[in-house]
Amino acid sequence: METAFVQTPLGMAKLEGDENGLASITVLDSDETPTDILPSELEEAAYQLKEYFEGTGTYFDLLLNPSGIDFQKSVWAALQDIPYGKTVSYLDLSKTLGDVKAIRAVASANGKNPLWIVVPCHRVIGSDGSLTGYAGGLHRKKWLPDHENPVKQQTLF
């Protein structure tokens, strides 16, 4: 498994993967040093993250290989269908997966998403529109949808 550290506006991101795909991306609150020479298996992920944060990339096209149980993988697959700049509720996501009663299991799987930003768990919010738990911290969960929002408030004066 190869590892690389890349700087983002939200902190240092740790990327892990190999020839079978990207296994994880996590955001760190520590002061790791960015990787000077990226392993070839992680170059494209780092490039697409850079595009995302620059505002020129709105989707990810990467080979993914996260570790999880089948139910978690089904939730993570459904997360990838949430359009850039949009949000859905945990209830909506449960309905999409075919079981409205699975809302807690869906929320748990969402919270265990190992692929920060690439699998956009930050696009899932509470039914009342509130930002609820986020492994990367609520300040990041607020920043990400704001970054993706295509309508920027203009000043009137």
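Predicted model: local features only at pLDDT ≥ 70, side-chain atom pairs only at ≥ 80, totals over all residues.
Reader: Of the residues that line the largest pocket, which are the closest to its centre?
Author: The lining of the largest pocket is made up of 17 residues, which divide by class into nine nonpolar, seven polar and one charged. Those closest to the centre of this pocket are Gly111, Asn113, Cys121, Ala135 and Gly136.

Reader: Which element gives the largest share of the lining of the largest pocket?
Author: Strand E3, which covers residues 21-28, and helix H4 each supply at least two residues of that lining. The largest share amounts to four residues, and the element that provides them is E3.

Reader: How many charged residues are in the lining of the second largest pocket?
Author: The second largest pocket has a volume of about 180 Å³ and is lined by 14 residues, with Tyr59, Phe60, Gln80, Val118 and Arg123 lying nearest its centre. By class, ten residues of this lining are nonpolar and two are polar, while the number of charged residues is two.

Reader: Are H2 and H4 roughly parallel or roughly perpendicular?
Author: Helix H2 spans residues 70-79 and helix H4 spans residues 103-111, and the two pack with their axes 9 Å apart at an angle of about 80 degrees. Because angles of 65 to 115 degrees count as roughly perpendicular, the arrangement of H2 relative to H4 is roughly perpendicular.

Reader: How many residues apart in sequence are the parts tied together by the pair Asp29 and Arg140?
Author: Side chains of opposite charge can pair when their charged atoms come close. The structure holds five salt bridges, and one of them joins Asp29 to Arg140, with the closest N and O atoms 2.6 Å apart. Asp29 lies in the loop between E3 and helix H1 (40-54), whereas Arg140 lies in helix H5 (residues 138-148), so the separation in sequence of the parts tied together by this pair is 111 residues.

Terms used:
Residues numbered from 1 in each chain as written. Heavy atoms only, no water. Axes fitted to C-alpha atoms, helices over the stretch in contact; angles between N-to-C directions. Parallel < 35°, antiparallel > 145°, perpendicular 65-115°, else oblique. 1 Å grid on protein atoms, 1.4 Å probe; cavity = no way out; pocket = protein on both sides within 12 Å on 5 of 7 lines; lining within 4 Å. Nonpolar A, V, L, I, M, F, W, Y, C, P; charged D, E, K, R; others polar. Points joined across faces, edges and corners; volume = space filled by probe spheres on them. Salt bridge = Lys/Arg side-chain N within 4 Å of Asp/Glu carboxyl O.
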